[in-house]
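Me: I am new to reading protein structures, and I would like to go through one slowly. Could you give me the general idea of each feature before turning to the case itself?

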Amino acid sequence: MNIKNSDFVSYCDDALKLIQTAFTENNPYDLLITDLSFDKDHIHQKIKSGQELIHEARKIQSNLKVIAFSIEKKPKVIDDLYKVYQINGFVAKARNDGKELKNTIKKVFNGETVIPQEILNSIRNTSLEFKDYDILLLELLSKGWKQSEIEEHFKKERHHSGQQKLHRKKIK
C-alpha cells in the first residue's frame, strides 16, 4: 500500500507514547488501527482496552483516523465505537480480514466512514430487551408511584416470592 512508515506495538500504553511523541515532534500519525480487547499478562498497563486507547489518542491528536480491527460482534459495542469514539472504520477479524482491512484503509483515506453491511444490519435489528422487573418498574412510574412506594412494593414482592434482594437505585 506504499506505506513508508509504520509502527507495531503490543501494548496500548506503548501506542499512546508513540502517538504523543510523534505529535510533539510535529510528525503525527495518520492512522491508528487497534483491537478492542487484550489478554492480560505480567506487564502492568494503564490503558486496558482499544476504546480507552482511542479516547486517549484523540485527546492528543483529535484528527487521527481510527480503524477498530476486532473479533467483537456485539452491535451495541460496535455502534458505540462510531457514536461515542467516532471511529472511521471497523473490520471484523475473519478469514478475509486482510483484504477487508486494506479496502477499509483506502476508503478511510478517501474520507469515508466504513461500516460493514453486516454490522449495519445487526445494529438496525437490535432491540432492547426488557426484563419483567423493568416493565413493572416502568408501569409503576407511569402510574405516578413515588420511589418509597415502589421500594415497598418490591420488598413485599421479594418477601412473598423468595427472590434475591434487589439493589436499590435512586429514581429521579
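Reply: Let us begin with burial: a residue is buried under 20% relative accessible area, exposed over 50%, and partly exposed in between, with a 1.4 Å probe and protein chains only. What you see is a predicted model, in which local features need pLDDT of at least 70 and side-chain atom pairs count only at pLDDT 80 or more, while totals for chains, interfaces and linings use all residues. Residues are numbered from 1 along each chain as its sequence is written, and side-chain values use heavy atoms, with hydrogens and water left out.

Me: Why does Gly50 count as buried?

Reply: Gly50 counts as buried because its relative accessibility is 0%. Across the chain of 172 residues, 30% count as buried.

Me: How many helices and strands does the chain have?

Reply: Helices (H or I, at least four residues) and strands (E, at least two) are DSSP runs, numbered from the N terminus. Here there are seven helices and three strands, and along the sequence they follow the pattern α-β-α-β-α-β-α-α-α-α.

Me: In which sense do E1 and E2 pair?

Reply: Two strands pair if DSSP finds at least two bridges between them. E1 and strand E2 (residues 65-70) pair in the parallel sense, over four bridges, and Leu31 has Lys65 in E2 as its bridge partner. A crossover is right-handed if, with the strands pointing away from the viewer, the path from the first strand over the helix to the second runs clockwise. The β-α-β unit made by E1, helix H2 (residues 50-60) and E2 is right-handed.

Me: Where is Ser49 placed, and what lies 3.1 Å from a polar atom of its side chain?

Reply: Ser49 sits in the loop between E1 and H2, and with 16% relative accessibility it counts as buried. A polar atom of its side chain lies 3.1 Å from the backbone nitrogen of Glu52.

Me: Which residues are closest to the centre of the largest pocket?

Reply: Rolling a probe the size of a water molecule over the atoms shows where empty space is left. On a 1 Å grid over the protein atoms alone, where a 1.4 Å probe is used, a pocket is an open set of points with protein on both sides within 12 Å along at least five of seven lines, and lining residues have an atom within 4 Å of a point. The largest pocket has a volume of about 1,200 Å³, a volume being the space filled by probe spheres set on the points. Among the 35 residues that line this pocket, the closest to its centre are Ser6, Asp7, Tyr29, Leu31 and Ile33. Helix H1 (12-24), strand E1 (31-34) and helix H4 (97-109) are the elements that give two or more residues to the lining, and H1 gives the most, with six.

Technical notes:
Polar contact = N/O pair within 3.5 Å; in protein donor to acceptor, adjacent residues only side chain to side chain.
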